[in-house]
Amino acid sequence: MRIFSGIRASGDKTLGNYSGGYRQYRATQEQGEALFCIVDLHSITTAYEPEGLREATLAGTAMLFATGIDPERSIVFAQSHVPAHAEAAWLLSAATSFGELRRMTQFKDKSTEQEFVSAGLFTYPVLMAGDILLHQTDMVPIGDDQRQHLELTRDIAERFNGRYGETFTVPQGVYPEEGARIRNLQEPERLMSTSAGNPQGVVRIVDEPDVIRKKFKTAVTDSEREVRHDPGAKPGISNLVEIMSVATGGSLGAIEARYGDSGYGQFKEDVGEAVVKLFEPIQERYRELRADDNGLRRLLADGAEKARESSAPTLAAMYERMGFVRL
Ligand code: TRP
């Protein structure tokens, strides 16, 4: 079983990313041969700062190791270190239609937010398809927002296989379960994200313990929200129950039973403490990794070499079947 996921380069990862991402990555690495790619080539599709990208790439790498990805067991690498990824994107663009890309809702949403809409933002899903297909991936642990991109990847794989001969495994997406979707503590009707919503309701994995405690203490739990009927609304309190479950491993039912009769005040405090405890060892490991950039670069170099080996046969087969002269 081959597992592949791409993670955006960023030093700003949240409790939501932990719950829906890192936790899954660590679990899936037990199920087969896993590759985790910091997708730095994707970062240039919207406005960005070059220095910020360098920093975000190292931070993103460190966070994978800090949350439990084992470099002996899994392959962690940066996309730009394995040129096959950029090459695959170009080759696959021949098997992707303009119409398909135009239908991508993420492109529609993101392009309205940009002053300069890059061609890369439009072809982003082709690069992503290449990431996945180059490694003969069976399983892709991924967020719900990426469902359409994954379906497109499957269509591209099937089209390529039909046109040029069996080349790619058609991958399966694995999506987080309902309880894994953590919401903003101040605005429980929206997902926890650094790009939108009240920052006071966003818990970062690297937040200081006291900052985390404060964010939970001031979390919204008012019962008015529970009777609101806007679609998708989710009361603050059940968000906190889910966070407690993520932090402690306890079931939702057990947590509700335990706290059913106590006030929200105590519960909020306990959830905050549980998250502080959960992040403590991660933060410690993260700081160690970030204090040693050379060590991190060595880990990346090692991952890049393994990822080159893993992708080379598929890239060679693509060129061959597409009719390029091979030397
Ligand atoms: N598009 C994904 C996201 O925004 C990141 C990504 C790039 C990815 N390539 C991938 C995820 C390959 C899974 C597999 O989260």
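1. An N or O atom in the side chain of Arg 8 is 2.6 Å from an oxygen atom of the ligand, a polar contact in the sense of a pair of N or O atoms within 3.5 Å. The protein buries 93% of the 370 Å² that the ligand exposes when taken alone, the areas coming from the Shrake-Rupley method with a 1.4 Å probe.

2. The model is predicted, with local features requiring pLDDT of at least 70 and side-chain atom pairs counting only at pLDDT 80 or more, whereas totals for chains, interfaces and linings use all residues. Residues are numbered from 1 along each chain as its sequence is written, and side-chain values use heavy atoms, with hydrogens and water left out.

3. The shell around the ligand holds 13 residues, of which Gly 6, Arg 8, Tyr 124, Asp 131 and Gln 146 come nearest; a residue is near when one of its heavy atoms lies within 4 Å. By class the shell divides into 7 nonpolar, 4 polar and 2 charged residues, where Asp, Glu, Lys and Arg count as charged, Ala, Val, Leu, Ile, Met, Phe, Trp, Tyr, Cys and Pro as nonpolar, and the others, Gly among them, as polar.

4. As for secondary structure, β1 (2-7) and α6 (119-133) each supply at least two shell residues, and α6 gives the largest share, with 4 residues. These elements are DSSP runs numbered from the N terminus, helices (H or I) having at least four residues and strands (E) at least two.

5. The whole structure contains 16 salt bridges, each a side-chain nitrogen of Lys or Arg within 4 Å of a carboxyl oxygen of Asp or Glu. In one of them Glu 33 pairs with Arg 2, the closest N and O atoms being 3.1 Å apart; because Glu 33 lies in strand β2 (residues 33-38) and Arg 2 in strand β1, the pair ties together parts 31 residues apart in sequence. Glu 33 is partly exposed at 38% relative accessible area, whereas Arg 2 is buried at 18% (buried means under 20%, exposed over 50%, partly exposed in between, with a 1.4 Å probe and protein chains only).

6. The side chains of Arg 147 and Asp 144 also meet in a salt bridge, at 3.0 Å from N to O, and Arg 147 is partly exposed at 39%, as is Asp 144 at 28%. Elsewhere, salt bridges that share partners join Glu 55, Arg 290 and Asp 293 into one network.

Terms used: A polar contact is a pair of N or O atoms within 3.5 Å; within protein, one must be able to donate a hydrogen and the other to accept it, and residues adjacent in sequence count only if both atoms are side-chain atoms.
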